[in-house]
Amino acid sequence: MNPVMLGLITIVTGVVGCIGYFFLSNLILDAVLPARGPNAGRNINRANLIRPWLFLLPALTALSLYLAYPVIETLRLSLLDRVQGGGYVWAGFDNYSQMLGEPKFWEAMRNNLLWLIVVPAAATALGLLVAQLTDRIAWGNIAKSLIFMPMAISFVGASVIWKLVYDARPEGSDQIGVLNALYVWMSGEGPQTWLTFPFWNNFFLMVVLIWIQTGFAMVILSAALRGIPEETVEAAILDGANPFQVFFRIKVPQIKNTILVVWTTITVTVLKVFDIVFAMTNGQWETQVLANYMYDKMFRANDWGVGSAAAMVVMLLVTPILVWNVRNARREMR
Amino acid sequence: MAELKLTNVAKTYAGSVDVLRDINLDIAQGELIVFVGPSGCGKSTLLRMIAGLEKITGGTLEIEGDVMNDVPPAQRGIAMVFQSYALYPHLTVRENMAFALKIAKKPKPEIDAAIERAAKILQLDDYLDRLPKALSGGQRQRVAIGRSIVRDPKVYLFDEPLSNLDAALRVATRIEIARLKESMPDSTMIYVTHDQVEAMTLASRIVVLANKGIAQVGTPLELYETPENEFVAQFIGSPAMNLLPGEITATGETTTIALEAGGSAVSTIPTQPSQQGLRVNVGVRPEDLVQTDGPPLFEGTVDFTEALGEVTLLYVDRPDGGDQLIAKLPGIHKDLRGVAVKLAADPAKLHLFANGQSLRPKVG
């Protein structure tokens with residue numbers, strides 16, 4: 001069958017299935033516990049106890065099937081070794097110690113740490129800056145839309161765009177990469193293969209994620225800035241604060257919690273970063289990150305044990321930030 | 001010399017919408033001026049123009065003789081208390097009050113002394129290290145006032161400071177503000193409110209704003225006793241002054257008016273012979289009306305009564321079908337509903353308005 005048709009059928013089945021599930025399950029509940037008759041009051045109370053679970057059930061099922069089970073299975077695989085011809089043998093922490101002995105793993109750890117420091121900070125700071133600067137100007141919304149747009153591009157798509165930006169053509173021919181075009185024009189020297197300079201190439205990759213995440217930070221922080229009572233700003237102006245003091249001493253402290261939520265949300269994204277590195281350098285030239293390392297081990301080297309161990313490391317790093325983030329977001333909502 | 005002087009001040013939005021025009025006002029040092037007026041009359045806008053939060057689009061604003069039109073708010077020597085308190089939520093009470101002084105890079109001992117002084121005046125000593133969210137509404141308002149006091153401004157601006165408080169707290173805080181003013185006799189204050197009780201009790205002078213301009217400026221009792229126009233007459237006092245249309249039938253030292261509702265009124269306001277036959281409105285406050293057996297100013301049937309205990313409000317139908325007349329009689333008179341009453345008033349308490357303006361000769 002035509003893949004487009006197949007896709008359409010899947011979508012329609014899914015949507016209709018969802019609507020049907022919620023409609024029918026609630027219908028059945030109402031039929032079993034009718035809101036009339038001698039036990040109407042008791043039935044309503046009982047139905048109200050059950051109804052939330054009807055709505056939660058599909059999500060809970062999907063989460064346990066696709067999230068909880070893989071976590072346990074990954075943990076199990078990380079403690080086993082595959083033997084040739086099928087079957088597993090207990091390996092204990094061998095996979096972990098093998099991984100800890102590999103320089104590529106430590107390179108990935110170092111790069112992840114670097115990403116962790118630079119990307120959330122840069123994306124949040126730029127997002128905050130844009131949110132503040134576009135707040136009062138007529139074309140601010142157009143600027144915001146443009147900056148938000150990269151959010152709509154997939155990581156791989158963004159990587160392709162930026163790979164073209166960093167592209168290098170042989171000396172003498174026209175440079176189609178913007179960076180090299182500028183560099184050749186301004187310095188008069190030959191083109192550079194930017195993505196092959198160890199250490200600095202990490203930053204060239206980070207630019208892609210910053211480019212994407214700034215829009216996210218901007219939207220959230222812009223809403224937060226709008227929520228600041230205007231009088232506190234006016235009071236600060238009357239108190240003699242200049243625009244910088246108003247921004248840093250009155251506005252930023254008032255949206256501190258939102259800034260932290262944005263920061264940590266981006267942090268989680270950064271820890272999981274895979275597509276950008278995979279599509280642009282595939283971890284070569286010392287740009288390896290944990291997620292790509294995991295992929296390499298799992299699907300290229302076919303070493304399920306070490307690959308799973310790497311996955312567990314990523315999960316262990318993400319979990320505390322995620323827990324803190326969810327808690328913070330819930331406090332914010334209260 | 002006037003502490004604060006407004007000359008032909010005007011406010012126009014986007015070049016077309018007139019909000020205020022031709023505001024002329026001299027405010028002396030130590031006065032507490034209250035701006036009152038109906039919603040949307042521009043009283044808050046005028047205050048914000050004085051503060052520097054709104055641009056003055058016409059005329060000049062002088063403070064102590066210096067033109068302030070283009071001086072940044074912080075350098076005008078003013079401090080403002082906002083309706084919503086506008087406390088910095090992330091700073092403690094102490095830090096809230098210290099903010100302006102820290103921005104001005106004042107030495108720490110000076111800041112501490114200023115905060116201590118303000119805290120003592122406002123009884124905030126025990127709350128200095130709390131955040132605003134841990135304070136009650138009244139306490140927050142006191143912090144907002146404290147934030148002004150520490151700056152030791154020439155002029156205090158209050159923008160409806162009591163509107164966010166509940167009724168009981170409003171009365172208490174009103175008295176506190178009156179005490180505060182008494183303890184700082186040299187400070188000039190401008191106070192915006194829509195509550196005429198606040199205006200009457202606090203003001204040394206009231207500025208009534210209406211129709212984009214000043215309707216009248218005067219002490220509270222001047223406005224009550226000698227309103228210059230129908231707007232002020234009806235705005236000050238509650239319930240509002242009754243206006244009875246009529247025609248002047250005799251002029252001289254006293255004036256006689258034949259009322260459309262029947263009956264006639266005699267006023268002690270003198271008129272010229274040329275004013276014979278002039279159509280006027282006779283204004284009489286509900287509290288100046290009394291029941292009488294003699295020749296009445298007004299006769300009608302009581303349509304409705306509201307007994308408030310100390311007084312009773314009578315809503316009396318007018319024979320000519322105009323607005324009901326309201327009388328405020330001391331004591332309880334619920335039995336008057338449906339009864340025909342005869343009401344009279346002291347001729348000296350009557351007001352005469354022609355074309356909306358008072359016929360009373362201006363004093364001074």
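Which residues have the most contacts inside the largest nonpolar core? In this predicted model, they are W115(A), I276(A), L4(B), L6(B), F35(B), L157(B) and I190(B), and the core has 82 residues. A nonpolar core is a set of buried Ala, Val, Leu, Ile, Met, Phe, Trp, Tyr and Cys residues joined through side-chain atoms within 4.5 Å. Buried denotes under 20% relative accessible area, exposed over 50%, and partly exposed in between (1.4 Å probe, protein chains only).

Helix α8 (residues 200–226) of chain A supplies the largest share of this core, 13 residues. Helices (H or I, at least four residues) and strands (E, at least two) are DSSP runs, numbered from the N terminus. Another core, of 45 residues, lies apart from it and includes Y85(B), V143(B), V150(B) and L202(B).

Within chain B, I190(B) is in contact (heavy atoms within 4.5 Å) with L4(B), I27(B), I33(B), F35(B), L47(B), I50(B), V155(B), Y156(B), L157(B) and F158(B), leaving aside its neighbours within four places in sequence.

Side chains of opposite charge can pair when their charged atoms come close. A search of the whole structure finds 21 salt bridges over all chains, where a salt bridge is a side-chain nitrogen of Lys or Arg within 4 Å of a carboxyl oxygen of Asp or Glu. Among them are the following pairs.

| Salt bridge | N to O distance |
|---|---|
| E234(A) and R48(B) | 2.6 Å |
| K55(B) and D70(B) | 3.7 Å |
| R142(B) and E176(B) | 3.8 Å |

The pair of E234(A) and R48(B) crosses between chains, from helix α9 (residues 230–238) of chain A to helix α1 (residues 43–51) of chain B. E234(A) counts as buried at 9% relative accessibility, and R48(B) counts as buried at 16%.

K55(B) and D70(B) are both exposed.

R142(B) pairs with E176(B). R142(B) is buried, with a relative accessible area of 13%, whereas E176(B) is partly exposed, at 30%. Elsewhere, salt bridges that share partners join E234(A), K11(B), R48(B) and E54(B) into one network.

Residues are numbered from 1 along each chain as its sequence is written, and chains are lettered from A and ligands numbered from 1 in the order in which they are written. Local features need pLDDT of at least 70, side-chain atom pairs count only at pLDDT 80 or more, and totals for chains, interfaces and linings use all residues, while side-chain values use heavy atoms, with hydrogens and water left out.
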